[in-house]
Amino acid sequence: MRHAEAQMVLPDGVLAATSTVNRGLGDLYGLLKRLDGGVGEQGESVAAAREDTRRLWDALWRMRHVMRIDLGITTPAEEGRSSDE
């Protein structure tokens, strides 16, 4: 329900970033549940789950960055990750 409520108030850029993360989390959860149940589909493996997790971290960082821009904490020009992020 909260995601549906957020869709009504988030700016388009933030909504796009959160949708990407939400979809990625759902896909990863499904993959892990299938692997745990021993019913993984063709090409699904622990290695695939690790790669999905790596990509999800990238999407999470992007979402965080877009949200910080929206709040005025970060400027769009500050694209690089720092060592403490």
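Ile69 counts as partly exposed because its relative accessibility is 26%; partly exposed lies between buried, under 20% relative accessible area, and exposed, over 50% (1.4 Å probe, protein chains only). Ile69 sits in helix α3. This is a predicted model, in which local features need pLDDT of at least 70, side-chain atom pairs count only at pLDDT 80 or more, and totals for chains, interfaces and linings use all residues. Residues are numbered from 1 along each chain as its sequence is written, and side-chain values use heavy atoms, with hydrogens and water left out.

Stay with Ile69 for its partners. Neighbours within four places in sequence aside, Ile69 is in contact with Thr74, Thr75 and Pro76; contact means heavy atoms within 4.5 Å. Val39 is another matter. It lies 30 residues from Ile69 along the chain, and 41 Å separates their C-alpha atoms.

Thr74 belongs to the segment after α3. Thr74 counts as buried because its relative accessibility is 10%. Its contacts, again leaving aside neighbours within four places in sequence, are His65, Arg68 and Ile69. With Arg68 there is a side-chain to side-chain polar contact at 3.0 Å. A polar contact is a pair of N or O atoms within 3.5 Å; within protein, one must be able to donate a hydrogen and the other to accept it, and residues adjacent in sequence count only if both atoms are side-chain atoms.

Now the whole chain. The protein has three helices and zero strands, in the order α-α-α from the N terminus. Helices (H or I, at least four residues) and strands (E, at least two) are DSSP runs, numbered from the N terminus.

Helix α2 covers residues 12-36, which is 25 residues. It reaches 36 Å from its first C-alpha to its last, close to the 36 Å expected at 1.5 Å a residue. The expected span is 1.5 Å times one less than the number of residues. Gly38 follows α2, with a positive phi near 75 degrees.

Helix α3 has 26 residues, so at 1.5 Å a residue it should span 38 Å; its end C-alpha atoms are 37 Å apart, which agrees. At its start, a side-chain oxygen of Ser45 comes to within 3.3 Å of the backbone nitrogen of Ala47. After α3 comes Gly72, whose phi is positive, near 80 degrees.

How do the two helices meet? The buried residues of α2 pack against α3 (46-71), and those of α3 pack against α2. In α2 the buried residues are Val14, Ala17, Thr18, Val21, Leu28, Gly30 and Leu31. In α3 they are Ala49, Leu56, Ala59, Trp61, Met63, His65 and Val66.

The largest nonpolar core has ten residues, including Val14, Leu28, Leu56 and Met63. Helices α2 and α3 each supply at least two residues of this core. Such a core is a set of buried Ala, Val, Leu, Ile, Met, Phe, Trp, Tyr and Cys residues joined through side-chain atoms within 4.5 Å. Ala17 touches Met63 and Val66, residues up to four places away in sequence not counted.

Last, the overall form. The C-alpha trace spans about 45 × 35 × 15 Å along its principal axes. Buried residues make up 18% of the 85 residues.
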